[in-house]
Amino acid sequence: MAENDKDKLLRLLVRRTPEGLLLARMQALGFWPAGLGLPPDPPEEAEERAQVEREIRELVASRSATSDPEAALAEERRRRWADSKKRRAEVRAKREEEQKNRRETWESARKDMLVYAGRGVGRGLDERSSDVDALKTRGLPVFHSSNGLAVAMELPLSRLRWLTFHRKGATIVHYHRYEVPKKTGGMRAISAPKPELAAAQRWVLENILERLPTEPPAHGFVPGRSIVTCAAPHVGRAVVLNMDVRDFFPSITFRRVKGLFKSLGYSEHVATVLGLLCTEPPRLHVEVNERDYHVALGERMVPQGACTSPAITNLICRDLDRRLAGIARRRGFAYTRYADDLTFSGEDPRAVGGFLSLVRAILQDEGLEEHDQKTRVMRRGRRQQVTGVTVNDRMGADRRYIRELRAILYNAARYGLDSQNREGHPHFEAYLRGRIEFVSMVDPRRRPQLEALLARARGQ
């Protein structure tokens, strides 16, 4: 075949392909030079075409594999199992990482503040923003969290956590518990804090509670006031009304104490910690498997025996004192309060009944209850007493009490102090000195005679 014939045949074959036909038409219409062939494909297009060809080959191979369905199914199961194991491993690693981060965050938070205070008492520990202006106005130290409180108390945070943690069943408690006889019969439960807790409570008393004012009618455990100042407004009145509050200290619960500190401006976090420092539930000692437990019998409350309890009750009773003082003033009565002992006096005995109903309504509204068996109405003509002080015409101690004391001192002067120590007081002379001081505080005119008798007894 001649060379020209070969060229014609090649051109004919080219024209019969889609690309060749396109090139021939472009040349015929003048869009492409006659002597040039097709341009090379761009690199991106060439790569894309190669990728498409690979996928076609894979599809053809997978299609051929379906000729053995069991093998294809087994392969698919192996693939899915491998994917499942991979996903589970990733989830487990993520969960372990999250747990590690939470654990590190928890440990870091525990070093800086209390994050858990026990079941049922830790609500609000994450609220740590105190009202700085309110605290400064009242002259109180500013804290936002337990860490700042612990630093101010010069107490490690771990010890503060130990002193305040609430347990319903505890093997170690922070109070010594014992009972003392009541004047009116029965026993009074006393909870005296152990030294470390007592020191923390003294700090709260001196730096917070004692800086707050009490109402004028409150005379119990207030500096500069006493049973004498409590009794003075009732001297020489026609009628004296004395009331007692039932379960006074148990009615001041943890929630009320926490609310007191929060009302001063402290954050809920700090108020919770201070409330836990100043309260404790009544507990029962039991033995289980030869191990001692102290089981909580109810809510936390201010304990009788803690130095903070009287100040807290006076502050919580401020609304009560204002309301009772207001109603007493409008009805012509005088009013004073010594702890749970409420005293009113006036000049119209006929007004006592209606006035007593109003007082009971206010007590109930304040969450307190009258101890009706101890309510006494004392009219002129019989002995009128307020907190152990006689107030009929002038203040004085009970005559029987004075006669008994004078008889003891007289006999001690004749036969010696030991002869009169019938109850076995370990410090009998100091005991007599205390009784003399009480009588002298109420009625200073009796001091010289009593002091002379004690001096004779000491000489004997």
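Visitor: Why is the contact of arginine 49 with glutamate 45 called a salt bridge?

Guide: The term asks for a side-chain nitrogen of Lys or Arg within 4 Å of a carboxyl oxygen of Asp or Glu. Here the closest N and O atoms are 3.2 Å apart, so the pair meets the definition. Both residues lie in helix α3 (residues 43-65), four residues apart, about one turn of the helix. Helices here are DSSP runs of H or I with at least four residues, strands are E runs with at least two, and both are numbered from the N terminus. A search of the whole structure finds 30 salt bridges.

A word on the model: it is predicted, with local features needing pLDDT of at least 70 and side-chain atom pairs pLDDT 80 or more, while totals for chains, interfaces and linings use all residues. Residues are numbered from 1 along each chain as its sequence is written, and side-chain values use heavy atoms, without hydrogens and water.

Visitor: What makes β1 a partner of β6 (residues 291-296)?

Guide: Two bridges join these antiparallel strands, and at least two are required. Glycine 169 has valine 295 as its bridge partner, while alanine 170 stands opposite histidine 294. Together the strands make an open sheet in the order β1-β6-β5. β1 (169-170) and β5 (283-288) are at the edges with a single partner strand each, so one side of each has no neighbour in the sheet.

Visitor: Why is the pair of tyrosine 401 and phenylalanine 438 called edge-to-face?

Guide: Rings of Phe, Tyr and Trp (its six-membered ring) pair if their centres lie within 6.5 Å; planes under 30 degrees apart count as stacked, over 60 as edge-to-face and the rest as tilted. By this rule there are ten aromatic pairs. In this one the centres are 5.6 Å apart and the planes at 80°, so the pair is edge-to-face. Tyrosine 401 in helix α15 (residues 399-415) and phenylalanine 438 in helix α16 (residues 428-442) are 37 residues apart.
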